[in-house]
Amino acid sequence: MTTNKSVLTWLDEMQALLNPDKVVWVDGSEAQLEQFRAEACASGDLMKLNEEKLPGCYLHRTAVNDVARVEGRTFICTPTKEEAGPTNNWMDPQETYKMLFDIARGSYKGRTMYIIPYSMGPIGSPLAKIGVEVTDSLYVVLNMAIMTRVGAKVWDVLGDSTDWVKGLHSRCDIDEEKRYICHFPQDNYIISVNSGYGGNVLLGKKCFALRIASYQAKNEGWMAEHMLILGVENPQGEVKYVTAAFPSACGKTNLAMMIPPEGYREKGYKVWTVGDDIAWMRPGKDGRLYAINPENGFFGVAPGTNAKSNPNALATTRKGTIFTNVALNKDDNTVWWEGLDKNPPVNAVEWKGTEVNGVEYTAAGNKLAHPNSRFTAPAKNCPCVSPEFDKGEGVPISAIIFGGRRQKTTPLVYQSRDWNHGVFMGSVCASETTAAATGAVGVLRHDPMAMKPFCGYNMGDYFQHWIDMGKVLGDKAPKIFNVNWFRVDENGHFIWPGFGDNMRVVEWILGRCDGTADAVETPIGFLPKAEDINLEGLKDFTIEDLKGILAVDKKEWAGEAAEIEEFYKTFGDKLPAALREQLEILKKNTAE
Ligand code: GTP
Ligand code: SPV
Ligand code: MN
């Protein structure tokens with residue numbers, strides 16, 4: 001398959017360490033993948049779903065103790081603790097290699113070692129990068145074949161180069177106590193043991209495309225971000241692109257595939273999906289910032305996805321998709337999850353594998369699907385996938401949007417005064433935690449740029465890198481915004497309708513970018529006046545409701561500023577002076 005010496009040497013080491021019964025090179029061909037699917041079904045790793053209703057689709061159940069990313073067991077292993085910074089768990093690289101190799105030693109005995117060559121980004125794109133993952137899991141192989149570009153072509157592009165990322169995954173015994181997801185940014189090395197869940201084991205995704213890549217990006221002058229990429233086509237046929245960074249399970253896939261409200265569609269507005277989770281961005285020849293999606297599929301949250309909230313995502317999952325930890329409808333061998341429709345199947349198998357009467361089971365308050373159950377679907381299935389999806393040079397970005405789940409305080413949308421203020425806005429993002437990671441749900445925590453779990457180096461240096469990129473981009477830099485779809489009323493209900501109606505906010509954002517939309521200056525930045533957001537066709541939502549979620553409460557923001565001051569202390573001298581200045585401005589603007 002390859003004669004690359006650095007690859008072959010490492011694979012020899014892996015084979016000696018892991019002691020597999022068999023070694024299989026994944027070539028990416030449909031014939032080989034079909035054989036893998038058959039084997040995975042025979043072993044019970046996958047279950048084939050209804051071929052008529054869901055052609056080429058499968059169901060997988062993880063171990064009950066292995067259903068989400070494990071942030072507490074995720075480590076950045078750099079020579080010094082300072083390089084990993086205050087937002088990461090750190091361990092010493094040499095000690096950690098030893099510990100992990102001891103855990104993995106002999107763990108492929110009786111199993112097959114699959115070798116997966118993959119490209120993050122269109123193969124051969126100047127923005128793409130290559131990784132090699134070894135795994136003992138066919139589920140991982142089949143998911144990687146959807147999520148990345150896998151196959152023999154990758155070896156051709158790699159040639160003799162040593163510029164590739166090593167990834168060792170071993171399921172071992174799925175032992176929680178010995179579960180580790182470790183990154184060695186200086187060595188381009190990832191090791192993941194004792195898990196079989198998505199973000200912990202599909203090493204091209206969070207481990208490479210964010211943790212390792214963010215470190216590479218800082219050194220090489222580009223950006224690796226937890227962002228969707230969306231194209232909005234106006235009635236004149238011009239397409240403008242925005243990226244948006246929201247924490248896990250806070251709406252990236254939904255915004256990336258939204259269907260604009262009827263009034264917009266009638267006028268000729270269209271939305272194109274370039275990416276739903278990760279953006280790699282680099283200044284182009286014209287000085288603007290260009291983004292590619294390094295992935296080739298979507299690993300999306302199933303619960304809440306339905307024909308109304310996200311019809312494009314639902315359509316994307318109707319063929320060639322692997323479902324993880326959703327419920328099985330035994331009547332017709334299809335899948336179900338909370339929020340798909342109001343009819344849970346009577347003859348159901350809940351996500352852990354127990355047969356239940358779904359109607360009674362859910363009525364008693366149980367969930368048939370795990371809250372972090374997911375679909376892995378090919379991007380090419382998506383009805384609104386961008387024609388630019390495979391273009392290696394990427395798309396030019398007009399606006400960068402930050403956001404998160406905030407029940408109060410943060411308005412529906414606001415714009416930064418300039419780049420550095422925008423970086424400040426990203427750095428102080430806080431959001432209520434979700435089921436995408438293990439641990440309590442609904443706890444407000446700081447999640448700068450939605451990168452808290454994903455930045456592979458000191459977050460203080462990451463902030464400085466953002467400031468520096470602003471200097472490189474100058475007046476060609478994207479405009480920066482913050483949104484919050486999640487303000488709630490006194491009964492805890494979301495006030496803003498969200499989903500497709502988020503187009504109304506995106507329209508204002510694009511209007512700000514080309515100078516056609518109005519705004520007022522407030523202590524926290526530029527906000528639309530209520531009249532500046534188009535509410536035409538919206539039912540049960542009045543301009544008074546809008547005013548409520550556009551309100552900026554000076555007292556609340558003074559409290560926020562005090563809280564940010566505490567948060568910023570954790571970065572010590574690594575906090576860029578430019579951000580300290582921004583905090584002083586917020587304090588001054590919100591003082592009585
Ligand atoms: P990751 O894949 O974990 O990175 O998540 P994500 O950011 O792509 O989140 P996703 O779009 O899958 O949405 C997660 C949850 O938020 C789903 O249950 C959605 O139904 C819900 N959600 C998404 N957009 C909105 C919105 O505009 N309003 C409200 N109220 N909920 C939303
Ligand atoms: C997230 O948690 O942000 C995801 C899913 O996109 S995972 O691949 O598990 O990280
Ligand atoms: Mn994500």
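These legends describe close-up views of one predicted model. Local features need pLDDT of at least 70, side-chain atom pairs count only at pLDDT 80 or more, and totals for chains, interfaces and linings use all residues. Residues are numbered from 1 along each chain as its sequence is written, chains are lettered from A and ligands numbered from 1 in the order in which they are written, and side-chain values use heavy atoms, with hydrogens and water left out.

**View 1. Helix α4 covers residues 93–104.** Helices (H or I, at least four residues) and strands (E, at least two) are DSSP runs, numbered from the N terminus. The expected span of a helix is 1.5 Å times one less than its number of residues. At the start of α4, a side-chain oxygen of Asp92 comes to within 3.2 Å of the backbone nitrogen of Gln94. Such a polar contact is a pair of N or O atoms within 3.5 Å; within protein, one must be able to donate a hydrogen and the other to accept it, and residues adjacent in sequence count only if both atoms are side-chain atoms. After α4 comes Gly106, with a positive phi near 75 degrees.

View 2. Buried means under 20% relative accessible area, exposed over 50%, partly exposed in between (1.4 Å probe, protein chains only). Pro93, Thr96, Tyr97, Leu100 and Ala104 are buried. The buried residues pack against α1 (5–18), β10 (180–184) and β11 (189–193).

**View 3. An open sheet of five strands.** The order is β2-β3-β19-β24-β18, with mixed pairing. β2 (47–48) and β18 (297–301) stand at the edges, each with a single partner strand, so one side of each lacks a neighbour in the sheet. Two strands pair if DSSP finds at least two bridges between them. β2 and β3 (residues 58–60) run antiparallel, joined by two bridges. Lys48 stands opposite Tyr58 in β3.

**View 4. Ile400 sits in strand β25 (residues 395–403).** Ile400 is buried, with a relative accessible area of 0%. Contact means heavy atoms within 4.5 Å. Beyond its neighbours within four places in sequence, Ile400 has contacts including Met227, Trp419, Trp466 and Phe481.
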